[in-house]
2 protein chains.
Amino acid sequence: MKLKLYADRMSQPVRAVIIFCKKNGIDFEEIRVDIAKRQHLTPEYAEINPMKQLPAIVDGRFKLFESHAILVYLASSFPGVADHWYPADVFKRSKIHSVLDWHHSNLRRGPTTIVRNTVLAPVLGRPLNPEAAAEGEKFLSASLSKIESIWLKGNGRFLLGGNQPSIADLSLVCDIMQLELLGETERNRFLGPYKEVQQWIENTRNATNPHFDEVHKILMKAREKLQNLRLKGANNEGGESDMKRTLHSRI
Amino acid sequence: MKLKLYADRMSQPVRAVIIFCKKNGIDFEEIRVDIAKRQHLTPEYAEINPMKQLPAIVDGRFKLFESHAILVYLASSFPGVADHWYPADVFKRSKIHSVLDWHHSNLRRGPTTIVRNTVLAPVLGRPLNPEAAAEGEKFLSASLSKIESIWLKGNGRFLLGGNQPSIADLSLVCDIMQLELLGETERNRFLGPYKEVQQWIENTRNATNPHFDEVHKILMKAREKLQNLRLKGANNEGGESDMKRTLHSRI
């Protein structure tokens, strides 16, 4: 039975899992759970993931959620996944766990918080929240600085000095990609000072293309629509309700 | 060469790692890094953990930080650790990863945030921050409810229906134990509604005693001192500076 992946590509951990599957030839059925339509909150989806978050997988009788746990499971259970994604060597593997754990309390609290409380807030029918966004900026800047000075230390093209990407590269880069929704100027304001981070994003993209670009298409389209809506909003007062309509036709 | 564990027992992830080592007969040297004296921020400690957090280990030439990654490493690398702590079975193991990942963005943001912004704030020379504490309470209540209704579902005495504890039980329970610092009334206000959570804490304590109680002694002493200081503070105005003095003699 084919692996089932419950997904909305607007979610960054979902994108990481999809790219991983595609890159590693893991055959899967992508089952759309539309966050904007609140489909993740239905009783049907709670049967798949009682925490009502994305992504989740069902592999035969086995259900799993939390994207890092999913990536580790897929790398451990499916044949043909190259060792560099999640090395068998206990020392290398432990360092990857260390990055993934660090990610949760640091970088993960940056881009999503900023995006949700700025450009996405009107679309989600929520007020702008500059304080929450500022908190997100703090996490983002501190995290990018740590990535550049600690995790990207060494001569490798990837985290931990690697010459091939691991699941940690994919997870962290997909999170940073969420900044695309802010538009180029804002994105560059955050990423500009971090040349090595920018190069690493590019390396991860190149190592996983054409899947990386294909899976991020939805984000680029959303960025464009958000930009148009902002322009429209600046020109007339109907901007916000236009945005809400757009939401229902899926960004 | 003996495993080196950089530790301050006032930190809950440190306590989880120490209890794990003691329970599993892992011989280690506990190297005190006094958070109150800001020893974790020194250049010497940055050589061990550039993120300047506790715990960290050095095993021969191998350095590692992030408590979950450390627990996984120890369970994978040291002989004699019973399988239930971190099962070899990929399905069971993946579920444990799922709990550990969930923990980061949920329960972990509860007890520490509450404690830091209430009882510990004056001791740390910081203002009380009721808003931050309220945010922590939100995470705590939501997390305890999910633990009771989802992770403790089933007939087992531990998370995921287990009859023996895993590293996830230890990590989560040690986090909840931080609530002891609030004093009994406040602790009970949070835990009171969750009978199964209370039983599970007791089960984890029993399964790891005498180490659990021994390692938590510092917390119980700190609770007592904080209570005395609060009483003193209520009786005279010198309470706060008394608290600061106490900090320097280590809570």
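Trainee: Where in chain A does Pro55(A) lie?
Mentor: Pro55(A) is in the loop that runs between helix H2 (43-48) and strand E3 (56-59) of chain A. Keep in mind that this is a predicted model.

Trainee: Okay. And is the peptide bond from Leu54(A) to Pro55(A) cis or trans?
Mentor: That bond is cis, and its omega is near 0 degrees. Another cis peptide bond links Asn209(A) to Pro210(A), with omega about 10 degrees. Pro210(A) also sits in a loop, between helix H9 (195-208) and helix H10 (211-235) of chain A.

Trainee: Changing topic: how is chain A laid on chain B?
Mentor: A turn of 180 degrees with a shift of 0.0 Å along the axis does it, and the RMSD is 0.0 Å. The two copies are therefore related as by a two-fold rotation axis.

Trainee: Which C-alpha of chain A is nearest the axis?
Mentor: That of His104(A), at 3.0 Å from the axis. The same surface serves both copies, too, with 100% of the contact residues of chain A recurring in chain B.

Trainee: Nice. How many cavities of 30 Å³ or more does a search of the whole structure find?
Mentor: One. The largest cavity has a volume of about 110 Å³.

Trainee: Which residues line the largest cavity?
Mentor: From chain A you have His68(A), Ala69(A), Val72(A), His97(A), Leu100(A) and Asp101(A), and from chain B His68(B), Ala69(B), Val72(B), His97(B), Leu100(B) and Asp101(B). Helix H3 (67-77) and H4 of chain A each supply at least two of the lining residues, as do helix H3 (67-77) and helix H4 (90-105) of chain B.

Trainee: And how does that lining of the largest cavity split by class?
Mentor: Six nonpolar, four polar and two charged residues.

Trainee: What about the second largest pocket, what volume does it have?
Mentor: About 470 Å³. The lining of the second largest pocket has 15 residues, and those nearest its centre are Lys95(A), Ile150(A), Lys153(A), Pro50(B) and Phe65(B). Two or more lining residues come from each of helix H4 (90-105) and helix H6 (130-151) of chain A, and likewise from helix H2 (43-48) and strand E4 (62-65) of chain B. By class, the lining of the second largest pocket has eight nonpolar, three polar and four charged residues.

Trainee: Last topic: what domains is chain A divided into?
Mentor: Domain 1 covers 3-81 and domain 2 covers 85-244. Taken over C-alpha atoms, the centres of these two domains of chain A are separated by 20 Å.

Trainee: How many residues of domain 1 of chain A are in contact with domain 2 of chain A?
Mentor: 20 residues of domain 1, and they meet 25 residues of domain 2. Between them, the two domains of chain A bury about 2100 Å², with 69% of that on carbon and sulfur atoms.

Technical notes:
Residues are numbered from 1 along each chain as its sequence is written. Chains are lettered from A and ligands numbered from 1 in the order in which they are written. This is a predicted model: local features need pLDDT of at least 70, side-chain atom pairs count only at pLDDT 80 or more; totals for chains, interfaces and linings use all residues. Side-chain values use heavy atoms; hydrogens and water are left out. On a 1 Å grid over the protein atoms alone, a cavity is a set of points where a 1.4 Å probe fits but cannot get out, and a pocket is an open set with protein on both sides within 12 Å along at least five of seven lines; lining residues have an atom within 4 Å of a point. Grid points are joined across faces, edges and corners, and a volume is the space filled by probe spheres set on the points. Helices (H or I, at least four residues) and strands (E, at least two) are DSSP runs, numbered from the N terminus. Ala, Val, Leu, Ile, Met, Phe, Trp, Tyr, Cys and Pro count as nonpolar, Asp, Glu, Lys and Arg as charged, and the others, Gly among them, as polar. Copies are superposed by least squares on the C-alpha atoms of residues with pLDDT of at least 70 in both. Contact means heavy atoms within 4.5 Å. Domain bounds come from an automatic or database domain assignment. Buried area is the accessible area (1.4 Å probe) that two parts lose on being put together, summed over both.
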